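This briefing covers charged side chains and one annotated region. Please read it with the structure open.

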Amino acid sequence: MDILKDKPGSWRGRDSESAQSNVVPVDESRVNDNFDLLNTILTSSKLTSVEEVFRALDGCSISVSAHLVNKILRRFANDWVSAYGFFKWVATTQSCYEHCSDSFDLMVDILGKSKQFDAMWGLVEEMGHEKLVSLATMSKVMRRLSGAGRWKDAIETFHKIEKIGLEKDTMAMNVLLDTLCKERSAMRARDFFFEVRESIPPDATTFNILIHGWCKARKLEEARWTMEDMRESRFIPCVITYTSLIEAYCMDKNFRAVNATLEEMKSNGCSPNVITYTIVMHSLGKAKETQEALRVYEMMKRDGCVPDTSFYNSLIYILGSGGQLRDALSIYEEMHRNGSPPNVITYNTLISSACVHSQEEKALSLLLKMEESSCKPDIRTYSPLLKYCCRRKRTQLLYFLLGDMLKKDISIDLGTYTLLVQGLCRNGKLHQSCSFFEKMVLKGFIPWEHTYEMLLKELERKKLNEEKEIIIKLMARAVEQNSSGYHYARKKNQTG
DNA sequence: ATAGGGTTAG
């Protein structure tokens with residue numbers, strides 16, 4: 001392994017590919033066994049410090065691979081204590097194993113996401129000693145700093161990257177601009193860009209990032225102005241540029257401007273693509289302009305633009321929410337035939353629509369189809385089903401589904417707990433409702449004010465005073481937990 | 001992560 005560390009001509013070695021080929025071929029079944037074991041240890045007890053994780057893993061004799069490490073890190077992406085404890089444990093106890101650069105990058109991202117910035121910087125420094133810091137690493141650092149509202153720190157980080165051996169070039173600048181825009185600060189991105197554009201030459205991507213940032217911030221005048229700047233700098237607006245603008249007009253439901261922009265791009269020799277059409281069609285569908293939306297579908301076919309899975313998903317959503325479940329299902333069949341296979345979103349959309357229309361058998365048969373086609377369900381697959389069960393008082397089915405979720409390791413989020421507590425409360429299942437309220441508090445979630453009041457009111461009406469007192473105490477406890485910062489309601493947020 | 005998808009509550 002050591003020979004890889006200072007590979008000549010490559011200051012950043014040790015990616016998981018070379019690491020794997022250098023050790024032993026990956027044995028899938030062993031990776032799975034070890035994953036299950038580690039997963040159990042790291043999940044079973046409440047681990048609140050890195051030391052506790054070390055103790056929990058003590059005596060655990062397994063050989064790790066980069067593949068396994070990354071799998072565990074991804075599994076515990078929302079639980080930095082377990083992830084970081086495990087990461088450190090591997091580094092200190094596995095004498096013939098060294099973390100590869102992408103494991104480091106993943107760990108940096110997890111720490112940044114949980115706002116553990118001291119630990120994050122410590123890790124980056126450690127990586128620096130081994131020459132493992134890349135632009136990918138620093139992108140994660142800048143993105144997480146921006147995400148925490150530390151825009152100044154993100155910009156400072158950019159100015160410091162030369163000390164780490166990275167270049168302050170166009171690519172690095174684009175990364176910072178994108179993180180600033182994506183974290184809701186197009187203005188800071190613009191100011192930064194004006195400061196550095198004399199020393200770092202922008203490219204077309206630079207302008208597209210800024211234009212997209214303005215569009216998302218609903219500052220269309222700024223977006224148009226930036227497009228002029230782009231032209232003056234001798235870059236030609238492309239399909240991405242126009243699609244950003246079209247999306248912004250869609251958000252305003254300004255379909256006149258959408259059509260004008262479609263014409264504008266075409267007359268500039270730029271054709272809309274499947275993404276452009278998806279955005280327009282979806283937004284018409286949401287505005288209940290179903291006929292207009294379907295016209296976009298026709299237009300796209302006429303233009304010879306090929307639909308993909310995402311496009312079909314939108315179409316299914318529009319048909320389903322318009323009550324045309326049958327048509328939605330025939331689109332689903334069509335997807336199998338022409339090379340855009342359904343994915344988890346396709347199924348979720350169809351199941352949700354079937355539930356809304358109380359087509360229980362259809363919904364359950366789709367769930368079964370997912371299993372058959374090894375498409376992994378997620379929490380969004382189940383929440384419409386659970387909601388349906390509450391609404392139609394299908395208690396047995398409800399518990400069957402909850403058990404099924406448990407088996408598949410799908411944990412219930414705040415939104416789903418809310419749906420259960422409120423749904424059961426509304427339909428007279430007060431004791432079950434209380435029990436889910438208790439579970440959500442014990443999991444560290446803070447119930448919405450609305451949920452709490454709804455439940456209290458109903459308990460009062462039924463004169464269930466004992467239960468009422470318990471709920472009041474639980475709510476106080478949830479609020480207390482929050483203010484002491486011990487537990488947080490976890491934001492759903494994917495690692496990327 | 002230079003552009004697109006579904007979802008709670010009211």
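The model is predicted.

**Salt bridges within helices**

- In helix H14, which runs over residues 220–232, glutamate 228 and arginine 231 are three residues apart and therefore separated by about one helical turn. The two form a salt bridge whose closest N and O atoms are 3.0 Å apart.
- Glutamate 228 has a relative accessible area of 39%, so it is partly exposed. Arginine 231 is also partly exposed, at 33%.
- Helix H18 (residues 290–302) holds glutamate 298 and lysine 301, which are three residues apart and so about one helical turn from each other. Their side chains meet in a salt bridge, with 3.8 Å from N to O.
- Lysine 301 is partly exposed, with 42% relative accessible area, and glutamate 298 is partly exposed at 46%.
- In helix H27 (residues 449–461), glutamate 458 and arginine 461 are three residues apart, and therefore separated by about one helical turn. The closest N and O atoms of this salt bridge lie 2.8 Å apart.
- Glutamate 458 counts as buried because its relative accessible area, 17%, is under the 20% cut-off. Arginine 461 counts as exposed because its relative accessibility of 59% is over the 50% cut-off.
- As a general point, side chains of opposite charge can pair when their charged atoms come close.

**Salt-bridge network**

- Arg143, Asp178 and Lys182 are linked in a network of salt bridges.

**Positive surface patch**

- Lys387, Arg391, Arg392 and Arg426 gather on the surface in a patch of positive charge.
- Arginine 426 belongs to helix H25, which covers residues 414–426.
- Is arginine 426 buried or exposed? Its relative accessibility is 57%, so arginine 426 counts as exposed.

**Annotated coiled-coil region**

- An unreviewed UniProt entry carries the annotation "coiled-coil region" for residues 449–481.
- In the model, the span of residues 449–481 is 91% helix and 0% strand.
- Helix H27, with the pair glutamate 458 and arginine 461, covers residues 449–461.

Conventions:
Residues are numbered from 1 along each chain as its sequence is written. Chains are lettered from A and ligands numbered from 1 in the order in which they are written. This is a predicted model: local features need pLDDT of at least 70, side-chain atom pairs count only at pLDDT 80 or more; totals for chains, interfaces and linings use all residues. Side-chain values use heavy atoms; hydrogens and water are left out. UniProt positions are given in the numbering used here, feature names are shortened, and annotations may be inferred rather than shown by experiment. Helices (H or I, at least four residues) and strands (E, at least two) are DSSP runs, numbered from the N terminus. Patches are made of residues with over 30% relative accessible area and no salt bridge: like charges are joined within 9 Å, nonpolar side chains (Val, Leu, Ile, Met, Phe, Trp, Tyr) within 5 Å. Accessible areas come from the Shrake-Rupley method with a 1.4 Å probe; for residues, only the protein chains shown count as cover. A salt bridge is a side-chain nitrogen of Lys or Arg within 4 Å of a carboxyl oxygen of Asp or Glu. Lys and Arg count as positive and Asp and Glu as negative; His and the chain ends are not counted. The place of a charge is taken as NZ of Lys, CZ of Arg, CG of Asp or CD of Glu. Buried means under 20% relative accessible area, exposed over 50%, partly exposed in between (1.4 Å probe, protein chains only).
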